[in-house]
Amino acid sequence: MHSGRQGLPKASFLVLVLSLTIWNRDHAPEEEVWGTLSRMWLCAEGEHCVFGESRELLPHMCLREGNLEYQQLPDSHLACYEFLWGPQAYAETSKWQFMAFLLRVKQRALRAFPPLSAEAAREEDEAA
């Protein structure tokens, strides 16, 4: 992501997919990735106003850029696939550095919206 070969929208898309792989113990099922992306109005079918053709974006990052790997789930009877970190992602950062980056982003977001952060903290305390 430091190389400047990608534009900001594609880099943020990549950060999201890499985040999902970390969250899911180093792999992200394709169905879950598309479910998350659909909440951002990026559906598997159709064209997005920023990202372009949705189905073309993932293969571009997976195969040509090498940031993600795409493989069939082992022992799956149906054609189910998952995303993993690719060699280019490992070459540009480590999972620890990436997680530290995500934590910094989260902290900045919390500082940017202090009233919402305080409200969220109260709700968590009440739920516990």
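Setting aside neighbours within four places in sequence, Thr21 is in contact with Asp26, His27, Ala28, Phe83, Leu84 and Trp85. The residue belongs to helix 1, and it counts as buried because its relative accessibility is 0%, against a cut-off of under 20%.

One of those partners, Phe83, has a list of its own. Leaving out residues up to four places away in sequence, Phe83 touches Val17, Thr21, Asp26, His27, Ala28, Glu30, Val33, Leu58, Cys62, Leu68, Glu69 and Tyr70. Phe83 also turns up in the largest nonpolar core, a set of 19 residues. There, Phe83 is among the residues with the most contacts inside the core, together with Val17, Leu18, Val33, Leu58 and Leu68. In general, nonpolar side chains tend to be buried together in soluble globular proteins.

Which elements give two or more residues to this core? They are helix 1, helix 2, helix 3 and strand 5, and helix 1 gives the most, with 7 residues. Here is where they sit along the chain:

| Element | Residues |
|---|---|
| Helix 1 | 8-23 |
| Helix 2 | 30-38 |
| Helix 3 | 54-65 |
| Strand 5 | 81-85 |

The background is simple: an α-helix has 3.6 residues a turn, so residues three or four places apart point the same way.

Zooming out, the chain has 6 helices and 5 strands, running α-β-α-β-β-α-β-β-α-α-α from the N terminus. Of its 128 residues, 33% count as buried. The chain exposes about 8800 Å², with carbon and sulfur atoms supplying 59% of that. Among contacts between residues at least 6 apart in sequence, 44% join residues at least 24 apart.

Now for confidence. The mean pLDDT of the chain is 77, and 73% of the residues reach 70 or more. Among the elements, helix 4 (residues 87-92) has the highest mean pLDDT, 90, while strand 2 (residues 47-48) has the lowest, 64. Over residues 1-6 the pLDDT is below 50, and this stretch has 14 contacts in the model beyond near neighbours in sequence. Where pLDDT is low, the predicted coordinates should not be read in detail.

Technical notes: Residues numbered from 1 in each chain as written. Predicted model: local features only at pLDDT ≥ 70, side-chain atom pairs only at ≥ 80, totals over all residues. Heavy atoms only, no water. Buried < 20%, exposed > 50% of the residue type's maximum accessible area, 1.4 Å probe, protein only. Helix = DSSP H or I, 4+ residues; strand = E, 2+ residues; numbered from the N terminus. pLDDT = per-residue confidence, 0-100. Contact = heavy atoms within 4.5 Å. Core = buried A, V, L, I, M, F, W, Y, C linked by side-chain atoms within 4.5 Å. Areas by Shrake-Rupley, 256 points an atom, 1.4 Å probe, with all protein chains shown as cover.
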